[in-house]
Each structure stands twice: as structure tokens, then as C-alpha cells.
Amino acid sequence: MEILYTPPPEIRITTVKFHPPILVEWIPRFAALSFTAILLFSLTSAAAAAVEISYSAHCNDFVRDPPLLPNPNPPITSPRFLSLRRAHVDYSVNDGNKDISSIPRSLSFFSQKAFRTQKDAVFKIEAILSINRMGYFRNSTRRGLRLVHFRPPRIPMTSGDLRNSLSFSLSGFWDSVSGKLCMIGTGFGKLSSNHVVLKLDYLNSSSIFSSLVNGTLESLDVNSGSGFDLKSVSILGVNLRNYRYELIDKESEINGFSLLDDMANVSLGVEYSGERVCRYIISAGIAELEYQNDCNSVNCNFLGRGNGNFTPSVMNFNKIECLEDGRVRFLLAFGDFGRNGYQLNFEPNVTLVSEGRWDGKKRRLNMVACRIFSDWDEGFVGECLIRLSLRFPSTWTLRNRSSVVGELWSSRSVNEAGYFGRVAFSSTKNKNIRAAGLGYEYMEIENTKRSCANKTMQKGEGGKYPNALSSDMRFDMLVTNKKVTDLWGYSSPLFVDSRLYQLSTIFGEEADFSWQEKQNLSVINVSYVLSLASSHDFKLSSEHMQIKSFEISAEGTYDSERGHLCMTGCMYVGVTPKQTRWGNSSSSMDCEILVDIQYPPVNARNVNPVKGTIESTRDKSDRLYFESFEILSRSIYSGQAKESIWRMDLEITMVLISSTLSCIFLGLQLLHVKRHADVLPSISVIMLIVLTLGHLIPLLLNFEALFISRNTVNFYFDSDGWLEVNEVLVRVITMVAFLLEFRLLQLAWSARSSDDGSQKNNLWACDKKVLYLSLPMYIGGGLIAWFVHLSRKSYRSPLLRNRRFGYKQQSFWGDLKSYAGLILDGFLVPQILFNLFFGSKEKALAPPFYVGTTFVRLLPHAYDLYRSRSSSWSFSYIYADPKLDYYSTTWDVIISVGGVIFVVLIYLQQRYGGRCLLLKRFWQRFAYEKVSAAGPDE
């Protein structure tokens with residue numbers, strides 16, 4: 001029989017960016033430290049290799065280790081050789097007080113290489129085993145809409161880095177005849193000193209009765225302190241090799257699914273079965289169970305005796321395999337309505353294992369399901385008494401939007417033991433994938449028009465609003481009321497009139513935006529889905545159960561001339577598990593909801609968010625009444641996104657040009673002092689320190705950001721790669737500018753220190769006066785900035801406090817950085833004061849330097865004036881960033897005028913003398929004092 005092999009998961013290589021240190025003398029120290037680290041690593045590796053465990057000592061009684069075939073013996077690379085996906089684990093905890101977040105929840109096993117041995121049926125296996133702990137969670141409620149994407153940390157995270165995942169590298173042997181597999185190995189990272197032994201019963205071929213894989217994972221270093229201190233883990237998974245479909249073929253031959261033959265006309269067919277059928281089913285998410293009327297008189301416990309008195313209310317399809325001929329295998333997991341999420345874990349006593357086949361003529365998937373019985377020792381399959389059939393409805397309505405519906409029933413008659421009543425199921429989530437041919441029927445339009453008649457909306461003055469079929473109609477939103485303040489979600493159309501709203505070209509042809517104009521429609525029927533979630537449990541009312549998320553189905557009308565959307569909404573009202581009874585659904589539907597949304601114009605210059613409300617139209621005394629929610633969204637239109645990308649490219653270019661110009665002007669100043677070395681002492685050291693720190697601090701902050709912000713989640717546009725490349729270039733250019741300024745500071749300092757003339761003390765005295773005058777001025781300005789920050793913080797809007805929504809009040813550190821930018825804008829102030837005290841006529845500063853550097857500092861303010869006039873909307877700032885300076889119309893004008901005045905003052909001082917700005921009598925007084933002080937020395 002052919003042996004199939006699953007290739008190992010792709011190994012991601014983390015690239016590390018090298019950033020040269022600022023000071024050259026760090027290099028020898030770094031080299032010494034690197035050599036020491038390499039030596040210690042080598043010694044550690046050697047010590048670890050010396051304590052490797054023996055395969056024969058732990059596995060020879062299970063599977064012996066025959067020698068490999070002589071070379072060439074290439075590894076088997078056929079797919080799916082040996083693997084387990086999300087297998088169930090049971091465990092014995094060594095520590096009774098162990099944190100629940102560190103206890104295993106599921107296990108995955110993937111072979112990487114398989115080598116033939118001199119014994120035909122035995123293979124040497126190299127594999128990776130990963131254990132996911134209970135604390136492992138990934139938030140999947142947030143969707144990236146329009147052109148803004150959601151991305152993980154920039155540095156790839158390997159399996160060994162995941163906080164709640166443990167991974168091991170294993171090697172051993174598998175006997176394909178007996179199905180015995182034994183492997184030994186060690187963990188990755190902090191688990192490198194932890195040794196484990198894996199033993200599995202994994203048959204080469206199986207049917208539904210032998211489809212479970214039993215085994216154990218034993219830790220040999222329970223008290224190693226490595227984080228994996230479970231003595232033994234029991235494993236129960238599903239065999240993925242050479243499965244034989246037997247029961248579904250027999251059941252189809254006797255026409256065991258004829259009860260649903262009359263539903264073919266209202267069901268969708270699938271042109272290509274297999275993977276496409278599975279994709280539709282899995283995308284439907286969790287399905288809700290509804291116990292039928294016969295459950296009032298008979299038992300409806302279809303899970304059997306192993307689950308106690310548990311009454312499931314939801315079901316989830318976990319794929320095992322899907323073949324191109326339409327045959328499928330699923331694990332059917334069951335849970336209660338309070339479980340939030342899109343997938344239930346594999347718990348044997350509340351899970352069925354099934355096999356099925358897609359019936360293209362009847363347009364349904366027929367399945368036979370069996371119960372799983374499990375204890376600590378092993379699990380097995382039995383009692384295959386359950387039949388299940390599901391289909392894809394061809395038409396949706398406001399109250400019926402299930403993408404998957406079906407029933408499960410007993411294969412036995414009412415009088416036979418083991419019989420249970422019929423149970424229907426239907427999916428409740430509106431996911432992205434839609435079956436071809438899906439239609440929509442509007443049932444509540446007339447009622448919606450009457451409800452929306454009282455909603456008065458003013459027509460926009462010359463505004464243009466989103467096209468009903470465009471991506472601008474969907475948006476992220478923050479939803480709040482008096483009780484719940486942090487609901488985050490999204491809103492998206494399902495159908496626009498009779499046309500399916502296409503999310504992208506992946507799911508169909510590009511939307512025809514001219515369709516609305518061809519139909520000459522201004523008010524269009526639309527259907528929507530609004531999905532909302534919170535980070536904690538909440539109740540909408542006393543009747544509602546505690547939930548973390550809910551979804552509203554809505555239909556109504558959209559006025560494209562006014563941007564007004566008004567709809568009637570429906571949502572499932574879950575009841576607590578104690579209220580669930582045979583014959584009742586675990587939830588009911590509340591359709592007395594009104595959703596009212598106002599879109600801003602797409603061509604508006606000012607920032608106008610999407611606003612709206614979600615209201616209950618019930619009386620306040622009604623038990624299902626809930627407080628009205630306010631909707632607010634800052635999602636951007638596609639045109640704004642394109643404009644922002646263009647602006648970001650422009651700002652990147654301006655940052656590069658400005659940084660390069662700074663280096664050029666500094667180079668010209670260095671050339672100037674090289675030709676005129678006598679002017680070096682006349683340059684204010686305080687000014688040079690301010691400029692040097694102005695480039696040093698951003699370098700230090702960026703260096704720190706390499707270790708702090710790289711693992712934070714952030715937003716980006718499609719040009720993100722271009723952004724990162726230019727980020728490196730800007731840092732390199734900033735480094736060059738810093739080195740040039742540091743060199744200029746060094747030259748000026750050395751020139752003063754080596755000067756033995758009479759002016760040496762006078763020069764330092766003048767700079768001290770500059771420091772004594774400018775330092776209190778800088779400190780006073782900082783205190784004013786602090787008081788302004790405190791006053792703004794006290795009036796901060798409650799909406800701005802929600803960081804998840806993306807609005808973040810600037811911190812005091814941010815305001816301090818803006819103030820530092822203001823100091824840099826006035827970098828000429830210390831030189832002006834120095835010239836005033838010293839009275840020098842030396843042309844210490846080259847005109848290209850002080851004019852050009854001032855131009856570089858003022859150019860962002862001129863650009864900010866242009867940016868504020870062209871569009872007040874902005875997603876991010878790269879150039880003229882308000883976090884790095886004061887930017888507003890008032891500040892831009894003040895700083896620009898001030899910069900020009902400073903340039904003129906420096907020009908006048910270097911032409912007519914440093915004290916030319918003073919009145920003539922003060923000028924003469926300074927000159928007289930200088931002559932009198934110099935007289936005795938002469």
C-alpha cells in the first residue's frame with residue numbers, strides 16, 4: 001500500500017536588522033561580548049548534547065529501531081504521512097495549585113521527514129509536536145475594512161516564541177503494520193532541557209470505528225522548571241491516513257435520507273463538491289440547535305449516556321478531510337449558547353465523529369455520525385445511530401439568514417432503545433463566503449419605511465455620498481450606551497436591491513458602480529449585517545443572557561442623495577442555559593430594532609465620522625427593551641485612502657529631501673570653518689549642543705523602539721514596505737547629520753580650549769551668559785507646556801479615552817517632544833544672544849548653513865498650512881508630525897515669521913556687529929567698557 005507523507009510546516013526565518021552603534025569605541029567591546037557569548041553557547045550546546053536520552057531505553061518495547069537503508073535513502077515527501085490536528089489532551093497535573101492558563105488544551109503533530117529502514121514496514125520519523133495551552137487566544141472579532149489592514153508584529157514569531165504554545169522536536173520509528181509509533185525528543189527554546197517520549201497507536205488505514213488515534217506524551221523532566229511540568233498527557237486524535245468510507249455508502253443505498261427530498265427546490269447546488277462544500281460549511285461558523293416538538297414526549301439526548309445531563313444548544317463543524325468526489329469527514333462538536341467564538345474544541349464526550357457524501361441531485365450533504373466514548377486510558381467509536389443532513393438555502397430574508405441549515409435524527413424507530421427526537425440546526429453568523437446563486441427577499445420594507453418616516457435628515461449641500469455598491473458602505477464602528485461603553489464591531493451590506501454585495505474580486509466579478517445610475521434610483525433597498533463584540537461579558541437587558549458579542553441582521557432603504565440609511569433589525573435573544581427545555585429553541589429573535597445611520601459626504605474637506613443609532617422600538621417596560629446605542633465610525637473612504645497614500649509618498653520624499661539638505665548645509669558649514677578657522681571660537685557652543693541633541697535624541701528613541709514597539713500591533717497601508725525602507729534611510733541620514741554636528745561641536749570646543757589669548761575667558765563667559773538666559777527661558781516654556789497639557793487632559797472627551805477605537809490623547813511625553821521641536825525651530829536664538837554679549841563681527845555661520853537649516857525647519861510648517869487647507873482628514877503623519885513640533889495655523893505663522901526674523905538678525909549681526917540691534921548709546925557703552933578693560937594689559 002502506498003505510504004503518504006505530509007511535508008512539515010514552512011519554517012519561517014526571522015531576519016534581524018543591523019543598526020551600527022553611535023560610538024566607534026563600542027565595536028571592540030561588542031566583539032568581545034560576542035566572542036564570549038558564542039563560547040558559552042558552544043559549551044552549553046555540548047553539555048546539552050551530552051544528556052540526550054536513549055531511544056532503546058524508552059521505546060524498544062514499543063517499536064524497535066532497525067537500521068536505515070544505505071544511501072541514497074531520500075526522505076519520503078508525499079503529503080500527509082503522519083499528522084494530528086487539534087487532538088484532545090487529558091493530563092495529570094503535578095501541582096494541584098497550577099495556573100489553569102498553563103494546562104494543555106489541544107495538541108498538533110506533523111511529521112517532517114520519513115526514512116525507509118531495512119525492515120519494510122518500519123519508518124524513521126522526524127516530527128514537530130505543539131501543545132496549545134488554555135491561555136492561548138487570538139481575537140478574531142476585528143476585521144480590517146476598506147483599504148486599512150490589520151497586521152501582526154513586524155518580527156515573525158516562531159512556534160517556540162508563542163507565550164501559550166509549547167513545541168518539541170521528535171525523532172523515532174513507526175511500524176505501519178501494527179500502527180505503533182514511538183518517538184523521543186526535546187523542546188524548543190526554554191524547553192531545550194526538557195525530554196519527552198511520545199507513544200501513539202496510529203494505524204496505516206482505518207474506518208470510522210478505528211479512526212481514533214490513542215497515545216501518551218510523557219515528560220522525563222517533571223521538575224526541570226522549564227514550564228512543562230505535566231507528568232503524563234493522554235492524547236486522543238483522528239487518523240488522517242487511508243480512510244475507508246463504509247457507513248455512508250450503505251446508508252445511501254437504502255435511501256436513509258429520503259425525509260428531506262422535498263427541500264431540493266429551495267436549496268443551492270454546488271458545482272464543485274469536496275473542498276468547496278467544506279469551505280461553505282466551515283465559514284458558517286457555529287450553528288444553533290432547535291429541538292423539535294417530538295422532544296416533549298421522547299428523549300432527545302442524541303449524545304448518549306457519556307455526557308450526563310448536558311443539553312447542547314450549539315454545534316460546530318471541525319473538518320477532518322474533504323475529497324474531490326464529495327466525500328467528507330467532520331468532527332461535530334457541541335456546546336452551550338454562552339460559548340463565544342467561531343469554533344468549539346474537541347471534547348470526546350460531547351463530540352460526534354462523522355462521514356458523509358454530497359448529493360448533487362438532492363443538493364444536500366448526507367452524513368452518518370457516531371458517538372465517541374473516552375476515559376483516561378483510551379477512546380473508541382461506537383453507536384453509529386445518528387443521521388444528519390444539511391443544505392444551503394437559496395433565498396435569505398431578514399429573519400432567515402442561515403447559510404447552512406439541516407437536521408439530525410435517529411436511525412432507530414420510536415419504540416427501539418436509543419431513539420431520540422429530531423433536532424434542527426441553523427447557522428447564525430453572516431460570514432464572507434457565499435454560495436453562488438444566493439438570493440434575497442425583502443419582507444419588512446414597508447414597515448421600515450413607516451418607522452423611518454419620523455427620521456428627518458437634512459440634504460447635504462452639494463455633497464456626494466457613497467455609491468450603494470462601493471466598499472465605502474462598510475465600516476468599523478465603536479458602539480456605546482449607558483451600560484456598555486466598549487463595543488467594537490463592523491457593519492457591512494449583504495445585498496443591494498437584488499444584487500449580492502461583493503466584498504472583493506475574490507468572491508466574484510468587480511461590482512458595477514454604474515448600475516445604480518442605470519436604474520435611476522436614489523432610494524435603494526439594502527440588507528446589512530452589524531457584528532459587535534466586547535472584551536468582557538455584558539447584558540443588553542435583564543432578560544438577555546450574558547454575552548461577549550452579538551449580531552444584528554437588518555434591511556431597509558438607503559438614500560444615496562442624502563447618505564441616509566434606515567433599517568429594521570433583528571437579533572437573537574439568548575436565554576440562560578437553565579431556561580432551555582425540550583421543544584424550545586435556546587434563543588428567540590427580537591425584530592423590534594431600528595438602525596439609523598448617516599454617512600458623511602465623500603468629497604467633504606472636514607472630518608465627518610459616520611454616525612448613527614441602534615434603538616429598541618419596544619416600550620421601556622418591556623423585558624426585551626435595551627438602552628439605545630450610539631454608533632460612531634472613523635473608517636475612511638476609498639478616495640481618502642488613495643489620497644492618504646499619495647500624501648504619505650509625498651511626505652516620505654520630503655523627509656528624505658529635508659534630511660539630506662540638513663547634511664548638505666552642515667557640510668557647507670564645516671567647509672566654511674575649514675577655510676576660516678579663526679571664526680570657530682565665535683560659534684555659540686550652546687547652539688551647537690541644541691542642534692546635536694536635536695538629532696541624537698531621535699536616534700536614541702528609534703534605537704529603543706527596536707526593542708519596544710516591534711511587537712505591538714499596528715495599522716498600515718499597502719505601501720508599508722516602502723515605508724520601512726525609507727524609515728531605515730531616514731535613520732541613516734539622521735545618523736550622518738548627528739556625526740557632522742558632533743564634529744562641528746568638537747571643532748568649536750577644541751578651538752576655544754586651545755586659544756591662549758585674552759579672549760578665551762571672555763568667550764566662555766559670553767556662552768555662560770547665554771546659558772543663564774536661555775535655560776530659564778526653556779524651562780519656563782516647558783512648564784507652560786505642562787500646564788497646557790493638564791488643562792487639555794481635564795477636558796478630554798470620554799470617547800478619546802477608548803484606545804481600541806484609535807483615538808489617543810497625546811501624553812505629556814508627547815507634548816514635551818513637541819516643545820523640543822519648538823526649541824529646535826529657534827536654534828539661532830543662542831547664537832543671537834552670544835553675538836549680542838560678545839559683540840563679534842566675525843562671519844561665524846555660513847549663510848547656506850543658517851539660512852538653509854532655518855529653511856529645513858520652516859518647510860514643515862509651510863507644508864502643514866497647505867495640508868490643513870487642502871484636507872483636514874489625516875490617518876497618520878510622517879512629515880510635519882504634530883508629535884514632534886507645534887503645528888496649527890497660528891503656530892505655523894508664528895514660527896515661520898520668527899524663523900525669518902532670526903535669519904535677518906544673524907545677517908545684520910555678522911555684517912554690522914553683534915550689538916547692532918541695540919540702541920546706539922548701549923552699543924557705545926559696551927564698546928567703552930571693553931576698551932577700558934583692555935587698557936592696563938596694553
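Two residues are in contact here when they have heavy atoms within 4.5 Å of each other. Keep that in mind as we walk through this structure, which is a predicted model: local features need pLDDT of at least 70, side-chain atom pairs count only at pLDDT 80 or more, and totals for chains, interfaces and linings use all residues. Residues are numbered from 1 along each chain as its sequence is written, and side-chain values use heavy atoms, with hydrogens and water left out.

Let us begin with the whole chain. The protein chain contains 15 helices and 29 strands; helices (H or I, at least four residues) and strands (E, at least two) are DSSP runs, numbered from the N terminus. Of its 938 residues, 48% count as buried, where buried means under 20% relative accessible area, exposed means over 50%, and partly exposed lies in between (1.4 Å probe, protein chains only). Among contacts between residues at least 6 apart in sequence, 71% join residues at least 24 apart.

Now turn to a pair of helices. Helix 13 (residues 847–870) and helix 14 (residues 889–912) pack at an angle of about 160 degrees, and their axes are 9 Å apart. Axes are lines fitted to C-alpha atoms, for helices over the stretch in contact, and angles run from 0 to 180 degrees between N-to-C directions. The angle makes helix 13 roughly antiparallel to helix 14; angles under 35 degrees count as roughly parallel, over 145 as roughly antiparallel, 65 to 115 as roughly perpendicular and the rest as oblique. On the side of helix 13, the residues that meet helix 14 include Tyr-850, Leu-858, His-861 and Arg-869. Among their counterparts in helix 14 are Asp-892, Ile-895, Val-903 and Tyr-907. Sorted by class, this contact of helix 13 with helix 14 has nine nonpolar, six polar and three charged residues. In that sorting, Ala, Val, Leu, Ile, Met, Phe, Trp, Tyr, Cys and Pro count as nonpolar, Asp, Glu, Lys and Arg as charged, and the others, Gly among them, as polar.

Next comes a sheet. Eight strands form a closed barrel in the order 10-11-12-13-14-15-17-18, with antiparallel pairing. Two strands pair if DSSP finds at least two bridges between them. Strand 10 (residues 287–291) pairs with strand 18 (residues 423–427) in the antiparallel sense over five bridges, and the bridge partner of Glu-290 in strand 18 is Ala-424. Helix 4 (residues 275–283) packs on the sheet and touches strands including strand 11 (314–322) and strand 15 (379–391). The direction of helix 4 makes about 155 degrees with that of strand 11.

Helix 12 (residues 829–838) is mostly covered, with eight of its ten residues buried. Among them are Val-829, Ile-832, Phe-834 and Phe-838. Just after helix 12, Gly-839 takes a positive phi of about 70 degrees.

Most residues other than glycine have a negative phi, and most peptide bonds are trans. The peptide bond from Asn-71 to Pro-72, however, is cis, with omega near 0 degrees; Pro-72 sits in the loop between helix 2 (55–59) and strand 1 (83–93). In strand 1 you will find Arg-86, which is not a glycine but has a positive phi of about 50 degrees. Arg-86 counts as partly exposed, at 39% relative accessibility. Asp-497 also has a positive phi, near 55 degrees, and lies in the loop between strand 21 (487–496) and strand 22 (499–500). With a relative accessible area of 25%, Asp-497 is partly exposed.
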